[in-house]
Amino acid sequence: MSFDRSVKIAPSILAADFSNFGEEIRCVEAQGADWIHVDVMDGHFVPNITFGPNTCSSIRPHISTVMDVHLMIAPVDPYIEAFAESGADIITAHVEAGPHIHRTLQSIRANGVKAGVALNPGTPASAVADILDITDLVCVMTVNPGFGGQSFIPLEDKVAELRSMIGDRPIHIEIDGGVTAQTAPSLVRAGADVLVAGSAVFKGGSVSNPSPYGANIREIRAAVG
Ligand code: DX5
Ligand code: ZN
């Protein structure tokens, strides 16, 4: 994976048909997705359950772009190897998920995967100040994690603060939660380059009618210029 700051749209398969991930991924990639965002939830760190590393392994062959795995689980460390073996390109863990985020990021990188750190809406940017040198992506949650389709929490100031802390380091700023063509522009102006979008990409479409996925992606892309 090479690094650049062009805007990337990462549809979250949380909003796709869970019985048909392979076809959903093929359709959304054909319609212009840059990355595929994969939400793993454990019913403990967040109040919802999705799936684990076996499902990630099963969907991996269907992804030809980037597999961006967002772990909303605690603890994280015992499962890093399994998610790395599932073929993730990026594994993101929450700073709130345990006392040793530094060790978690080291372990993700030691498994040959890009290391991301996610911040809940109530966690300040300063929480990542001392780990930026071992971080490849900071995910700013603009909803409280656990569910798709929630209302956006405006956190542009946090994004701008992170952008200035990051400076020239090759670190992505990803936004996750409530991203739409309306909410995306100010986030990109503040310094975000990866936009996760679940409902805003999958709304109105299906594998038998995938063109709305493309129209939705183009609408977000056009809004951020
Ligand atoms: C929320 C997940 C998000 C979610 C985004 O816990 O991490 O990735 O799927 O969904 P929307 O775009 O519908 O807010
Ligand atoms: Zn997510």
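Guide: The buried residues of helix 8 pack against quite a list of elements: strand 1, strand 8, helix 1 (21–30), helix 6 (184–190) and helix 7 (199–202). Bear in mind that this is a predicted model. The buried set in helix 8 is made up of Pro212, Tyr213, Gly214, Asn216, Ile217, Ile220 and Val224. In general, an α-helix has 3.6 residues a turn, so residues three or four places apart point the same way. With that in mind, look along Tyr213, Ile217, Ile220 and Val224, which are among the buried ones.

How does the length of helix 8 check out? The helix covers residues 211–224, and its 14 residues should span 20 Å at 1.5 Å a residue; the C-alpha atoms at its ends are 20 Å apart, so the two agree. Just past the end of helix 8 comes Gly225, with a positive phi of about 70 degrees.

Now for two of the packing partners, strand 1 and strand 8. Strand 1 (residues 8–11) and strand 8 (residues 194–197) run parallel and pair over four bridges. For one of the residues involved, Ile9, the bridge partner in strand 8 is Leu195. As a rule, the side chains of a regular strand alternate between the two faces of the sheet. You can follow that along strand 1: Lys8 and Ala10 point one way, Ile9 and Pro11 point the other, and all of them are buried, the lysine included.

The zinc ion (ligand 2) has His37 (NE2), Asp39 (OD), His70 (ND1) and Asp176 (OD) as its protein donors, at 2.0 to 2.3 Å. Along the sequence these donor residues follow the spacing H-x1-D-x30-H-x105-D. Six donor atoms surround the zinc ion (ligand 2), and the arrangement counts as octahedral because the angles they subtend run from 68 to 171 degrees.

One last stop is Ala84, which sits in helix 3 (residues 80–85). Its relative accessibility of 14% is why Ala84 counts as buried, the cut-off being under 20%. Setting aside neighbours within four places in sequence, Ala84 has contacts with Ile91, Asn111 and Val113. Ala16, by comparison, is 68 residues from Ala84 in sequence, and their C-alpha atoms are 23 Å apart.

Conventions: Residues are numbered from 1 along each chain as its sequence is written. Chains are lettered from A and ligands numbered from 1 in the order in which they are written. This is a predicted model: local features need pLDDT of at least 70, side-chain atom pairs count only at pLDDT 80 or more; totals for chains, interfaces and linings use all residues. Side-chain values use heavy atoms; hydrogens and water are left out. Buried means under 20% relative accessible area, exposed over 50%, partly exposed in between (1.4 Å probe, protein chains only). Contact means heavy atoms within 4.5 Å. Two strands pair if DSSP finds at least two bridges between them. Donors are N, O and S atoms within 2.8 Å of the metal (3.2 Å for Na, K and Ca); water is not among the atoms, so sites may look incomplete. Four donors count as tetrahedral if all angles lie between 85 and 135 degrees; four count as square planar and six as octahedral if opposite donors are over 155 degrees apart and all others between 65 and 115; anything else is irregular. The expected span of a helix is 1.5 Å times one less than its number of residues.
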